[in-house]
Amino acid sequence: MAARQDDGNPLARRYGATAAKEWQRVIAHFMLGEGFALIVLIVPDGDGARLCRKELEAILRSEQQRLWPLPIAAPPDLPRVVSSLPNQPPGPDVGAVWVEAVVPSGSRDFQQWDRAWRSALEGLNQQRNPLRDLFHCPVLIVGAPWIVPMFREVAPDLWSVRSQVVRIEPDRDSLPQRLETARQMEKLGDKVGRIDAPDPDFAFTEAQRPLFIPDGIGDRVSLLVRAGLGMLEQRRFDEAETALREALDLAAGLEDPLLHGLALHAFGCLLLDQGRASKAETLFRQALALLEECGDTATSRGVTADMLGRSLLDQGRALEAEAFFRQALALEEEGGAPATSRGITEDMLGRSLRHQGRAAEAEAFFRQALASKEQASASATSRGVTADMLGRSLLDQGRALEAEAFFRQALALEEEGGAPATSRGITADMLGRSLLDQGRALEAEAFFRQALALEEEGGAPATSRGLTADVLGRSLLSQGRASEAEPLFRQALAAAEEGGAPATSRAITEDMLGRSLLDQGRASEAEALFRQALALKEEGSDTATSRGITADNLGRSLLDQGRASEAEALFRQALALKEEGGASATSRGITADNLGRSLLVQGHMAEAEALFRQALALASEANAPADAIDRIRRDLACATNRAAE
Amino acid sequence: MALDSSDRRFLRQIYGNLTDKPLQPGSAFYEPVYKILGLDDPVQQISTLIDFDGVQSIRLFSGFRGSGKTTELLRLKCELEGQGYFVLYADALTYVNAAEPIDITDLLMVLAGAFSDALEECLGADNSRETYWDRLWAFLHREVTLKDAGVKLEYQTPLKEILGGLKGGLDLKFELKSATTFRENLRPVLINKLKELKTSVDRFFEDGIRLIRAAQGEDTRVVFIFDQLEQLQGTLQSEQDVIRSVERIFATHLDLLKIPRIHSVFTVPPWLKFVLPNTVPITLLCTVHLWENDEARSHNEPAWAVFRSLIERRIGKEGLERLFGPQPGQQDLIDRTIAVCGGHFRDLLRLLRDVTARAAAANLPVAPSLVIEAINAARRDFLPIARDDAKWLADIARVRATALPSTEAAPVNRLARFLNSHFVLYFVNGKEWYDIHPLIREEVMDVVQAAASAAED
């Protein structure tokens, strides 16, 4: 079976080079294999499945065969259709059987699909031998990532004979960096209020009055909690701490788990707002245990579970946080909490998933959160915050065009709701990124400038401003305006240093600054920056691919200075690092081309030619941009001509 | 360099050679691993015991998934046929529902029924000959209901209800496998008639022996292999009931499974070993230990040689050079794949197939990075690992034993799942020991460490 020349192109456009490469494995199977095979295809969402199905249909069509997709529209169809599979072996014209049900774990009918998959796989497990005997073609099981552990668990016999597990995921090359940046800039989620405290000063004064009733200490605790939470809302941290500490001390002496739990919860909120997430976690755990012990309402326990999730999320423990947000959501649903509360927790659950890189699942929860908030007519700012998060989850999946729409909606909502300048600045920044990802650098530039102005107006932290300056610089650099980009990268670097950004983050900006210098022909200055960036990346244990990129840039700066043999060593190092880190074929092709150039300059024609050929193969394999391929072709022609001379 | 048509032909050839399927006896791909490593050859062991056991015996044979059970059973069949035995083979999954508990009465019926079907296949169908299903139909209708009608009238009613909708013996066969209610209704009736059922089953086997001897000669010795019974495991909801039901059969009713004048070989679930330790002797296929049972997991060179030879059998010397390039790089890449297969042939074949598939979209010989990508993909098949699982797995890696907290159904089943999915590997060299799969060692330690840090916080 011949592979199509443009195999994986739509997948590459949608998810990047890594996904396209994964898809090549499926194509290779159809090219090389015969007979029954079990291929488990994991895709992020229904769109991914559709793309893959279309690709496979085209491949089979070219061989006068067809794909047989099983009709699965609702959860009960899945086990029913799958159980009848061995009784209806495919005809000779069928090239593959397609069993698809891709459901993100955040979808509303997830439970039904979960049960359906479980039952279908358990049934299929018993049919392993008939399937192997009766089917002359591959069966593709197409699902979301969560079916993998389930498959392993409930269908071990079938799993043990799998031919391939192919995972179509958004490209990871840029994801960590984007995530790192976005995490720092992520806006705070709004909170579900436990107690309304419109006048905390009044509550505090009342709490200080002499008490004449025997159980009056309990009332005092309630008043202090009310006062403390109100002060916290007004960002009066010191006063809030005084009130809440007193409440906690008093509550500890009472044998009232409900009051004690509430006081612990309130103090946990204070600690969390002060950035002391680990300590807050301890208090929320204690509070939740006490509230469960005394049979507090489901809604109330849901609020504490939500806060516990936040404290874990702030510590980077997103997987654990996810469990508590799910618990909170279940409790809120059990207790009939208003749609706004559910929307807020759904938003937080989405964040915890996104922090785990599970963007498609996060997307489902952000959509749900937005719907809940709209249903409850939540404030424009609150809806704006979630629209912004939804945009981010789409951007993580490489769906920049869709993301753009949500960032625009978020910006409009935040403006309507009078959100602070810093918050609007962050959204403008994200909108710029979505445009930049679409190659619309000029439009992106305008939004980055707006973001920078808003962040400065709102007194955003140095790190945040630095990150926006960095992306503004990138938008200029990609328009060929290196001299304008340079001061912005310098500004970003200064902000990163001022804000104590991690070594790897500073290294990324230094690398960008180096590029802007290199593009202006200032190779020796660039060299110094690339060397510094490489050292910082090594210090920060950055990924091999990232180090490979900087080593390649350093090589280019040396080559530009005519130091070809030094450059050669750097390019070799870069290539090894990129291979180690699994960098994309395009990226490796570019470095192979640079290495070839350094050899060409030194007169090693044969070796240079071999490298240009390797670079061309890599770039073609990855469908690299036409200008990159042209450049390599020109280099190859040059090497061939010189060798002939 | 892009692949040309000759490269593609080559890759197609080795992709086919690396297919994971049971090997027929005499296959050029068969690696005589037990012989080379000086381990007990399970096939030799069973065939010798059958020979020594005289006219009848019962043998239990097992192995975790991908350990080569079917290949070894085919070899056993060939070996026994070579010694003059008449070997009948049946697939238990044709007759039993692996997801549901099984009862001794079910097993006796399907055992005789499977023997009957295998006999039909070997001797040719004969309409005048009574199949076991016909005989069972008659047994249930005439022998049980009429015989007991006068004594215990209540038998008639349930049996009428149970059998009322069935038209004949063949219906019984399908109902026994697929209809849970039918089996559940039949059991209480038959359990009180176990002795009669056993007698009727034995009589059928004896009639079968007569037929075989009439066709094959008076001295013909018969072996009946009942394969795939090890697939009994239940679903996540029914697994504990299934485990208990199988345990009950082999602990209490093993004698009833002995067939007169026939050597029977049952493949049984490997977890029986943990449920009934030292009560039922089972020949259990082990994994090849690529490392020794010492702290450093030192290299076991003879085992590595076996795997290198296995790869060479499938790909050929020239093929290896074409796929992995010249030495010494070639050996390095091959050894990388062996190092992460955990001693499982099936895992190694899958990994090499993936390397071949990846090569089809790249160049030949393959780059080291391509092999690393294939290994990383194989690792992801094991992930994520739950925290509780990681803790147990870490214990297994530390003590090199099962660390089974009890022989209750739940932990036994969890351990069986670890073994079947190759998270845990079972070895025998001198004595039995266990370890975790090399692909998950780091991940397991990371999860345990993260859990400990979280607990400290």
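**Close-up views of a predicted model**

**View 1. Helix α21 of chain A.** Helix α21 (residues 421-437) of chain A has 17 residues and spans 24 Å from its first C-alpha to its last, close to the 24 Å expected at 1.5 Å a residue, the expected span being 1.5 Å times one less than the number of residues. Helices (H or I, at least four residues) and strands (E, at least two) are DSSP runs numbered from the N terminus. Because 15 of the 17 residues of α21(A) are buried, this helix is largely enclosed by the rest of the structure; buried means under 20% relative accessible area, with a 1.4 Å probe and protein chains only. After α21(A) comes A:Gly439, whose phi is positive, near 80°.

This is a predicted model, in which local features need pLDDT of at least 70 and side-chain atom pairs count only at pLDDT 80 or more, while totals for chains, interfaces and linings use all residues. Residues are numbered from 1 along each chain as its sequence is written, chains are lettered from A in the order in which they are written, and side-chain values use heavy atoms, leaving out hydrogens and water.

**View 2. The largest nonpolar core.** This core has 148 residues, and those with the most contacts inside it are B:Phe226 and B:Phe250. Its largest share, 11 residues, comes from helix α5 (residues 104-123) of chain B. A nonpolar core is a set of buried Ala, Val, Leu, Ile, Met, Phe, Trp, Tyr and Cys residues joined through side-chain atoms within 4.5 Å.

**View 3. Strand β5 of chain A.** From strand β5 (residues 164-167), A:Gln164 and A:Val166 point one way and A:Val165 and A:Arg167 the other way, and all are buried.

How values were computed. Buried < 20%, exposed > 50% of the residue type's maximum accessible area, 1.4 Å probe, protein only.
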